[in-house]
Amino acid sequence: MAGKPVIEIAFDTPRLEEKLLAKAVAAKGAELRLTNIKQNVFTLQKTSLDVCLVRCVSLYSAIHTAALREGAGVRSINSSESIFLAGDKVLTVSRLRSANLPIPRTAVGLNTRAAEKALEKVGLPAVDKPPIGSWGRLIALVRDIDDFKLVAEHREMLPSSYMKTHIIQEYIDLPNRDIRTIVIGEEVVGAIYRYRSSNDWRTNVALGGEPVQAFLNDELVEISLRAAKAVKGDVVSIDVFETTDGSYLVNEVNGVPEFKGLMKATGVNVPEKIIDYVIASTRR
Ligand SMILES: Nc1ncnc2c1ncn2[C@@H]1O[C@H](COP(=O)(O)OP(=O)(O)O)[C@@H](O)[C@H]1O
Ligand SMILES: [Mg+2]
């Protein structure tokens, strides 16, 4: 590659994260291409781009953008495969398990009847999740069979067939918080606790969860790097649960990670670190 690296930030809904990433590209002296994927035509022809940083909120827009750039010979971060693996919780837990990472006890039913059996296996209380979703949406706490029936009835009404799949997990009695780490390449750049707000059982920042800096111990670093590898992620965030006996469980991996909460709580300049990594990847 001669001259300045050309970095594309592909987005559908620009958030604070995308704005900070764009600023970081300019600050590093790289050439910035901002692509609103809602208006862009992907031709699969050779382009002058070196790397596409995929920042789409919509999972399928993210996967398709990454794949189309890869098809045109452009490195995508994350790769389409990685966004796919991290974006579907069935695929993620399967990869995490095959990499021998500890996860909450999980049973999956691909329709309501099978899901009811999965619930019997896991026991109550349980958590019922659809394969795709974020910000805690459609994640249900199932305290009894009536809760499950209601969740199943609502899922039956959703048009997508994959939404009829239920991921049933043991309910982990979290200490009012979970842990979120961010991995960039081979480095875990920071960790936060997300304390749940008093009016929700989930810890998502989008639901009022409060980010507070967490200490990154060796075990958390190791588990985070292994989880990122399990889904082939370059830039990912990892959700980790602490159990009452003091061990860690990996909950999920996000392939288009939000990081404003972590930035605020830790002071780590995440966008700068991401762009440093993206630029370094153009030299490899
Ligand atoms: N097995 C579980 N036990 C206890 N709490 C859970 C469990 N699974 C999810 N949660 C809570 O729900 C939140 C959202 O679940 P998650 O699987 O991370 O989905 P999302 O992709 O919507 O963030 C988690 O951050 C956590 O607070
Ligand atoms: Mg989550």
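Mentor: Helices (H or I, at least four residues) and strands (E, at least two) are DSSP runs, numbered from the N terminus. Axes are lines fitted to C-alpha atoms, for helices over the stretch in contact, and angles run from 0 to 180 degrees between N-to-C directions. This is a predicted model, in which local features need pLDDT of at least 70, side-chain atom pairs count only at pLDDT 80 or more, and totals for chains, interfaces and linings use all residues. Residues are numbered from 1 along each chain as its sequence is written, while chains are lettered from A and ligands numbered from 1 in the order in which they are written.

Trainee: At about what angle to S9 does helix H9 run?
Mentor: Helix H9 covers residues 270–281 and lies across S9, strand S10 (187–195) and S12. Its direction relative to S9 is about 35°.

Trainee: What is the strand order of the open sheet of five strands?
Mentor: Two strands pair if DSSP finds at least two bridges between them, and the pairing in this sheet is antiparallel. Strand S11 (210–213) and S13 are the edge strands, each pairing on one side only, and the twist averages 30° from one strand to the next. The order is S11-S10-S9-S12-S13.

Trainee: Which residue is the bridge partner of Ile184 in S12?
Mentor: Strand S9 (residues 177–184) pairs with strand S12 (residues 235–242) in the antiparallel sense, over six bridges. S9 is also joined to S10 by eight bridges, and there Ile184 is partnered by Glu187. In S12, the partner is Val235.

Trainee: Which residue takes a positive phi in the hairpin of S9 and S10?
Mentor: That hairpin has two residues between the strands. The one with phi near 60° is Gly185.

Trainee: What is the strand order in the open sheet of four strands?
Mentor: Here too the pairing is antiparallel, and the edge strands are strand S5 (106–109) and strand S7 (140–142). S5 pairs with strand S8 (residues 166–170) over four bridges, with Val108 partnered by Ile167. Helix H6 (residues 145–156) packs on this sheet, touching strand S6 (126–129) and S7. The order is S5-S8-S6-S7.

Trainee: How far apart are the centres of domain 2 and domain 3?
Mentor: Domain bounds come from an automatic or database domain assignment, which gives domain 1 (6–86), domain 2 (105–170) and domain 3 (173–280). Four residues of domain 2 are in contact with five residues of domain 3. Taken over C-alpha atoms, the centres are separated by 25 Å.

Trainee: Which residues come nearest to ligand 1?
Mentor: A residue counts as near if its C-beta atom, placed from the backbone, lies within 6 Å of the molecule or strand. There are 20 residues around ligand 1, with at least three drawn from each of domain 2 and domain 3. S6 and strand S13 (248–254) each supply at least two residues of the shell. The nearest are Val127, Gln169, Ile172, Arg202 and Thr203.

Trainee: Which residues does UniProt list for "domain: ATP-grasp"?
Mentor: UniProt positions are given in the numbering used here, feature names are shortened, and annotations may be inferred rather than shown by experiment. The unreviewed UniProt entry lists residues 93–279.

Definitions and conventions
Contact = placed C-beta atoms within 7 Å.
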